[in-house]
Amino acid sequence: MKQPNIKLNYIYRTIYEILIVLIPLITTPYVSRVLGADGVGIYSYTSSIMTYFTLFAALGTATYGEREIARNRDNKELASKLFFEIELLTIITSSICILIWIMFILLSVEYRYYYIALMPLLFSTMADISWLFSGYEQMKYIVLRNSLCKIVGVILLFSLVNEKNDLVTYMIINSVISLVGNLSMWTYLPKMIVKVDLHTLQLKKHFKETLIYFIPTIATSFYTVLDKTLIGIITQDSFQNGYYEQATKIINIVKSVVFTSLNVVMGARISYLFMQKKYDEIKNRIERSISFIFLLGYGSLFGIIAVANEFVPLFFGESYEPVISLLYVMSPLIIIIGISNCLGTQYYTPAGLRLKSAKIIILGSFINLVCNLILIPKLGANGAAIGSLIAELSITILYVIKCDGYLSLRVIIKYSYKRIIAGVIMLFIIKLVDTFIILDALFIFLLEIIIGLLVYFVVLFIMKDSLLIEMINLVLKYIVALFKRGRDNNDRFES
C-alpha cells in the first residue's frame, strides 16, 4: 500500500466536510419549515436516546481501532488480525444493544414508531469499519462512500418528506442511509487486509482497552447528548429541544469547517509519529494546527454573533427566534472545543493517554450535569447551552494544563490576540452595515458575510498574521508555477 499523502488526505477530508456543510445548508431550511420546531425537537430527543445505545454498541472501538491500525500499518498481517478482533468485538456489543433496544421499543408508548425508525442505526454501528481506513490514512474511501450516500439521502428527503406527518419517514431515511453507507465500506475491504486464522483471534485483551476509550466517549455524551435528553425530560417541551437542536447544528457545521477534517487527518499521522518517537515534530504539528483552528475559529465566532439576527429567521424561519440567543451563548464553543479536540486527537489519543483524558472529561461531564440540573428548569435550552459552555471550558483548561507542554498558554495567546482584534473589528463593521443599510433580508445577510470576510482577513494581513501570509505566499507560488507551466507548454507547441 502506498505511503499516505497527508496533503491529499486533508483535501479529501476537506471536500467531505464541505459537503457536510452544504447539505444542511440545503436541507435544514426545508426540514425546519416542513416538520416545525416541535417535530425537530422530537427527532432531537429520540435521537439522543438512541445515541446512548450506539455508544455502548461501538464501545470505543472506533477510536481505539484507528489508533491500533495506525500504529501497526507497516505489518499488514498484524493489522489484519487486529481488524478482525476489534470488529468481532463490535459485532458482539452491537448485538447485545440491538436486543435491549427491541425490549425498549416494546416498553415505549409515546414515541414507539420513532424508535423503530431509528433502529437501523444500531446495525450501522455494527457495520462501521471506517476506523480501518482512517488508521491506514486512506481517506478517499471514506469520503467517496459518505459523499454518495449523503447525496442520495438529500434526494430521498426532498422526494418523500413533504409534510409534518412525514417525521418517521425522515428518520428512516437518515437511519437507512447511514447503514447503507457503512455496509458499502466492506466492498473495499479486500484491498486493506489479508486472510488470518480465525482460531488465533483474541478479544479479551481488546475489551479492556476499548473500555478505556469508551469511558471518555460516554462521558462526553453527557454534555453533547444528555443536554437534549434533559431538556426533553425537564421542560416537557419539544419546541425547546427543537431550538437547541438547530443551534447545535449550526455550531457543529462550523466546527466541521474549522477543525474536524484537520484533526481526523492529523490524528492517525501523529499516532504513527509517536511510534517513531518524533516528539519535536509532533509538538510543531500541534502548534500549527492550533494556529489554523484559531484563524478560522475566531472569524467564525465573531461572525456568528454579528449575523445571527439576520441568519436565524432567514435560514430556519420566523418561528425559530430563540435560536439567536442560543447562538450568542454557544459561539465561543468553536474555539474552546477546537483546543480540546486538537489536543484529544493529536496528543492524548495518539500518545496512549486516553485514560488520563477520560478523568478530565468525566469531571467536565459532572460539571455539565450539575449546571444542567440547575439551569434548565429556569432557562430551558439556554440553560443547557450555558452548562455546555462551562463544562467545555473546564475540560479545555485541564487539557492544556495536563498536556506535558505540547500546547501552552503562551502559544494560545500568541495565535489568538491578532485574530481577536480582527474579529472584534469585523463585528463592529457588520453591525454598522446592519444599522445604516436597509435592504432585503437575504441581500443584507450576503452583504454582511462578504464585508465580514474582507474586513477580517484584511485586518489580519495588515497585522502580518504569519499563517495568513504563509497561505497567501503558497497560493501565489502555485499560481506562478501554473503560469510558467502553461507558458512552457506554449513554447514547446510553437516550436
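Is Arg-288 buried, partly exposed or exposed? Arg-288 counts as partly exposed, at 41% relative accessibility (buried is under 20% relative accessible area, exposed over 50%, partly exposed in between, with a 1.4 Å probe and protein chains only).

1. A word on the basis: this is a predicted model, in which local features need pLDDT of at least 70, side-chain atom pairs count only at pLDDT 80 or more, and totals for chains, interfaces and linings use all residues. Residues are numbered from 1 along each chain as its sequence is written, and side-chain values use heavy atoms, with hydrogens and water left out.

2. Arg-288 pairs with Glu-470 in a salt bridge, their closest N and O atoms being 2.8 Å apart (a side-chain nitrogen of Lys or Arg within 4 Å of a carboxyl oxygen of Asp or Glu). Glu-470 lies in helix H21 (residues 466-494) and Arg-288 in helix H13, so the pair ties together parts 182 residues apart in sequence (helices are DSSP runs of H or I, at least four residues, numbered from the N terminus). Glu-470 is partly exposed too, with a relative accessible area of 31%.

3. Have a look at Lys-228 and Glu-245 as well: their salt bridge has its closest N and O atoms 3.0 Å apart. Lys-228 sits in helix H11 (residues 226-235) and Glu-245 in helix H12 (residues 238-275), 17 residues apart. Lys-228 is buried at 14% relative accessibility, and Glu-245 is buried at 11%.

4. For Asp-404 and Lys-356, the closest N and O atoms of the salt bridge are 3.7 Å apart. Asp-404 counts as exposed at 56% relative accessibility, while Lys-356 is partly exposed at 27%.

Terms used. Helix = DSSP H or I, 4+ residues; strand = E, 2+ residues; numbered from the N terminus.
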